Amino acid sequence: MKKYKQILIISLVILLFAAYNLSIYALVTYRCGANFKSRIIEPERYLPFDNNAEFSRIETDFQLSGEPPRIDGAAALLPVYAALVDAVYPENSVEFDGENYTENSAIRFTDTVEAYKAVVDGSADIILCAAPSKQQREYALQQGAELEYVPIGLEVFVFFVNADNPVDELTVDEIRAIYSGEITNWKDVGGINRPINPIDRPEGSGSQTVMLSFMNGEEIRKNPLGIIGGAIGFSFRFYVDGIVANDGVKLLSVNGVYPDKDNIKNRTYPIIYPFYAVYRKDNDNENIAKLIDFILSEDGQDIIESNGYTPIK
């Protein structure tokens, strides 16, 4: 009888521990990680030529004629390239089936991984993305595609935690130490005694590529106890603060500087990266050059700034 009681107690302890892990995952880790899913952006929110679209419009005299370039890009940049299409593309070049853009539409919406593949394979003429990953560069090389990268805007790379986390800021060195596995508990960076769960992104995504660059050669390592701890995540600022806009998370200051628009413009926030218009050099659609000239014009840079990003100029 005593043996059965011991087995029952052990079983209850295991069940309670599992229930605790699941609750922490649901309340903290999943909630933070859910902000990384590109399909959390509904493309119908950013439909060109729709009066209810959630991007900022400008009036311009420039209009594309002839065959408009098929445009795609990172999920975080959808408001920018939707606004560009709205400004200078013919209205009949956009087709939407209620869930996504059709194959005949001049604007597509995938993500960084699929967009880089599309521009190499020829199903997209131009994409708006962060710099490519090593694998994406190698794929282009294997396919004999020479890509041109034109910087068109700046975005800051941000780190965020649950809104209830008492930690409000970290240094660059502390963040690298967290993601390399050197720092594993929040108490070591001014928080409570709780494991840190550093969340990363799928390989090839724009933010994961930037994160690897930010790590400066250090390997990203998982914390084995992270599942029962408090999460930290990373992304581009406008994706977190403007598109997802989840009150359950907060952005962290880095090196004592908060990533607001003023600190981006004056370049005091320490982690700023360009994003690019990318196309194949052998693409003979003459409207690609015209579109890029427009993006770099005053009107085009106004589109970038009014939709939450920092102009390159």
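Biologist: Are helices α3 and α4 roughly parallel or roughly antiparallel to each other?

Modeller: In this predicted model, α3 (residues 112-121) and α4 (residues 134-142) pack with their axes 10 Å apart and at an angle of about 15 degrees. Angles under 35 degrees count as roughly parallel. The relation of α3 and α4 is therefore roughly parallel.

Biologist: Which residues of α4 make the contact with α3?

Modeller: The crossing of the two helices, α3 and α4, is right-handed. From α3, the contact draws on Thr 112, Val 113, Tyr 116, Lys 117, Val 120 and Asp 121. The residues on both sides divide into five nonpolar, two polar and two charged. On the α4 side, the contact is made by Gln 136, Tyr 139 and Ala 140.

Biologist: Is Glu 67 buried or exposed?

Modeller: Glu 67 is located in the loop between α1 (2-33) and β1 (71-73). Apart from neighbours within four places in sequence, Glu 67 is in contact with Asn 285 and Asn 287. Exposed means over 50% relative accessible area. Because its relative accessibility is 55%, Glu 67 counts as exposed.

Biologist: How many of the nine residues of helix α6 are buried?

Modeller: The buried residues of α6 (residues 206-214) include Gly 206, Met 211 and Phe 214. These buried residues pack against α3, β3 (147-162), α5 (172-180), β6 (230-236) and β9 (272-280). The helix α6 is largely enclosed by the rest of the structure, because the number of its residues that are buried is seven of the nine.

Biologist: Which residue with a positive phi follows α6?

Modeller: The phi of this residue after α6 is near 55 degrees. The residue is Asn 216.

Note on methods
Residues are numbered from 1 along each chain as its sequence is written. This is a predicted model: local features need pLDDT of at least 70, side-chain atom pairs count only at pLDDT 80 or more; totals for chains, interfaces and linings use all residues. Side-chain values use heavy atoms; hydrogens and water are left out. Axes are lines fitted to C-alpha atoms, for helices over the stretch in contact, and angles run from 0 to 180 degrees between N-to-C directions. Helices (H or I, at least four residues) and strands (E, at least two) are DSSP runs, numbered from the N terminus. Angles under 35 degrees count as roughly parallel, over 145 as roughly antiparallel, 65 to 115 as roughly perpendicular and the rest as oblique. A crossing is left-handed if the near helix is turned anticlockwise from the far one by less than a right angle, and right-handed if clockwise. Contact means heavy atoms within 4.5 Å. Ala, Val, Leu, Ile, Met, Phe, Trp, Tyr, Cys and Pro count as nonpolar, Asp, Glu, Lys and Arg as charged, and the others, Gly among them, as polar. Buried means under 20% relative accessible area, exposed over 50%, partly exposed in between (1.4 Å probe, protein chains only).
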